[in-house]
Amino acid sequence: MKKTVKIIVPVVLVLALLVILAGSLVVTQPDEYTIIKQFGAVVKIIDQPGLSFKTPFVQSASTLPKTEMLYDLAASDVITSDKKSMVADSFVLWKITDPLKFIQTLSGSVANAESRINAVVYNSLKTVISSMKQEAVISGRDGELAAAIMENFEQNFDDYGLTVLAIETKRIDLPDENKAAVYERMISERGNIAASYAAEGDAQAKQIRSEADKSVEITVSEAKAQAERIKAEGEAEYMRILSQAYDTQEEADFYEFMRALDMARSSLTGGNKTLVLSSDSPIAQIFSGQWGTAQ
């Protein structure tokens with residue numbers, strides 16, 4: 001009996017020591033905060049990864065996420081400044097920056113934090129969209145709208161121990177019941193704009209063609225006038241030369257003589273070498289020796 005007791009007591013002591021040791025060890029991961037509480041009150045916050053200790057049976061340990069978290073807001077209806085209904089679907093990136101404040105103000109609950117974020121972000125989203133027309137909201141879906149919402153986001157969450165890092169819109173769309181009608185109106189408006197541009201282009205093309213035709217007519221008219229002027233100058237020069245050629249009887253006779261020779265030369269072409277002349281022809285008078293006496 002005594003031997004049995006001697007064996008059991010050390011075993012119990014070892015087991016008790018292991019239980020106490022296990023209850024006092026705390027393991028903190030890199031992506032979390034470890035909260036040590038004693039009788040419900042926070043006595044220590046561990047924000048570095050590794051092993052640490054707590055008082056067993058008296059203190060308890062819990063964790064909070066240290067990483068960035070994504071909260072997906074439910075899609076909601078919003079009204080634009082031109083009284084058009086739209087559906088907004090967005091999400092928020094946030095993280096816990098002060099675990100103690102987070103526990104004191106939101107009971108350390110991620111759900112409570114997301115509920116508070118949801119209300120503030122929705123109000124900011126509604127404020128921004130209500131100041132914009134529907135067309136501007138649709139055209140700003142590629143990031144401009146999210147930037148405007150973030151700029152209008154005045155709520156400071158430092159008192160809650162958290163920080164909102166970004167607000168992004170996944171979808172800003174029309175309600176299904178009036179989506180087709182709005183798209184048809186937008187297509188019609190774009191068609192009217194395209195027709196206006198086409199009409200303006202046709203008008204400019206006609207103006208350019210008219211100016212080109214007018215320029216061509218002016219150029220042709222000027223060319224014809226210049227040709228007539230050159231022709232008149234040539235005829236005047238011809239008449240001047242001719243008048244000089246007939247200025248005296250000797251010059252006139254010489255001119256007639258040269259013309260007669262040219263005529264004879266032009267007549268004697270090819271194999272035909274016969275020249276038939278009348279007796280009063282200048283050429284016949286030259287060959288008969290009567291040219292000078294006839295004059």
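1. Surface. The protein exposes about 19,800 Å², and carbon and sulfur atoms supply 57% of that area. Accessible areas come from the Shrake-Rupley method with a 1.4 Å probe; for residues, only the protein chains shown count as cover. This is a predicted model: local features need pLDDT of at least 70, side-chain atom pairs count only at pLDDT 80 or more, and totals for chains, interfaces and linings use all residues. Residues are numbered from 1 along each chain as its sequence is written, and side-chain values use heavy atoms, without hydrogens and water.

2. Make-up. The protein has 9 helices and 9 strands. These are DSSP runs numbered from the N terminus: helices are H or I with at least four residues, strands E with at least two. Of the 295 residues, 26% are buried (under 20% relative accessible area, 1.4 Å probe, protein chains only).

3. Three strands form an open sheet in the order 3-2-5, with antiparallel pairing (strands pair if DSSP finds at least two bridges between them). Strand 3 (41-46) and strand 5 (59-65) are the edges, each pairing on one side only. Strand 2 (residues 32-38) and strand 5 share 7 bridges. Ile36 has Ala61 in strand 5 as its bridge partner.

4. A buried charge. Glu114 lies in helix 3 (residues 110-130). Glu114 is buried but has no salt bridge (a side-chain nitrogen of Lys or Arg within 4 Å of a carboxyl oxygen of Asp or Glu). The nearest side chain of opposite charge is Arg116, 12 Å away. Lys and Arg count as positive, Asp and Glu as negative; His and the chain ends are not counted.

Note on methods:
Buried < 20%, exposed > 50% of the residue type's maximum accessible area, 1.4 Å probe, protein only.
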